[in-house]
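Good morning, everyone, and thank you for having me.

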Amino acid sequence: MARRKMVAGNWKMNMTPENAVSLIKTLIPLVQNEDVDVAFCVPDLDIIPCLEAVKGTNIGIGSQNMYFEEKGAFTGEIAPDMLTSVGVEYVILGHSERRSFFAENDETVNKKVLKAFEHNITPIICCGETLKQRKQGITLDLIRMQIKIAFYNVSPENAKKAVIAYEPIWAIGTGVGARTDQAQEVCKAIRDCIEEIYGDLVAKEIRILYGGSVNASNAHDLLNQPDIDGGLVGGASLKVDFGKIVNYDKIQTESN
Ligand code: PEP
């Protein structure tokens, strides 16, 4: 079965509820592509109005984080059933900004991944190396470790439903994305790692996105790589350009 492409927007800490709804309404007609799953991962306060705004479309709404406990004394956190009770389908876990600013680590990512599956939420699991780690030549080792820990104790049935986002930290928000060959190399290594853990069937089914300065100019080449099943898009998901990324297959470039 061919993997469906997916393009997910990560709005980060942007958009009041009112601005969020207005942006969603602008983007809805631009993100129509029957071959691509589209999701917006929005700030928690924007979730309910965004869900209302996408009603009747096939756009999914996701959160950008979630705690690994059910409820209780965890000030400032959001519980999985708070998300599912309103219709959230996706959650970004282990984004590098959460790792670097909020002490997220591979172990907490794993706990959150397990909890997300318990509640039938699709995790978008982020991994990626710093520029220093790339220069040290440890990118593939590091990514394999991140993946192995994130998927620890995750069943094959759940693993194949996960979405992985390879996001080199040096490419996030910098305007300098990874070259297509660099992105493809790591996404293939991730698929190989999944194959080692779960076998061929899960590896063939799991979706691996690339994220890091994806825009309307580089989307076509990136998303046409054999192991890249879509994009996790930050800055450009707040602009009409997001529609061009979702419709990457219609962009004319020198390579097509
Ligand atoms: C991100 O934050 O996940 C991201 C990829 O950001 P940007 O597209 O702005 O680099």
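This is a predicted model, and it holds seven aromatic pairs. In one of them, the ring centres of phenylalanine 101 and phenylalanine 102 are 6.4 Å apart and the planes stand at 80°, so, with anything over 60 degrees counting as edge-to-face, this pair is edge-to-face. Both phenylalanine 101 and phenylalanine 102 are exposed.

Another pair, formed by tyrosine 166 and tyrosine 210, is tilted, with 6.2 Å from centre to centre and 55° between the planes. Because tyrosine 166 belongs to strand β6 and tyrosine 210 to strand β7, this pair ties together parts that lie 44 residues apart in sequence. Are these two tyrosines buried or exposed? Tyrosine 166 has 0% relative accessibility and therefore counts as buried, and tyrosine 210, at 0% as well, also counts as buried.

Let me now turn to the helix. Helix α1 covers residues 17-27, and its buried residues are Ala20, Val21, Leu23, Ile24 and Leu27. If you look down the axis of α1, these buried residues fall within an arc of 165°, so they line one face of the helix. As background, an α-helix has 3.6 residues a turn, so residues three or four places apart point the same way. Against what do the buried residues of α1 pack? They pack against β2, α2, β3 and α12, while the face turned away from the buried side carries the exposed residues Glu18 and Lys25.

Conventions: Residues are numbered from 1 along each chain as its sequence is written. This is a predicted model: local features need pLDDT of at least 70, side-chain atom pairs count only at pLDDT 80 or more; totals for chains, interfaces and linings use all residues. Side-chain values use heavy atoms; hydrogens and water are left out. Buried means under 20% relative accessible area, exposed over 50%, partly exposed in between (1.4 Å probe, protein chains only). Helices (H or I, at least four residues) and strands (E, at least two) are DSSP runs, numbered from the N terminus. The arc is that of the directions from the helix axis to the C-beta atoms. Contact means heavy atoms within 4.5 Å. Rings of Phe, Tyr and Trp (its six-membered ring) pair if their centres lie within 6.5 Å; planes under 30 degrees apart count as stacked, over 60 as edge-to-face and the rest as tilted.
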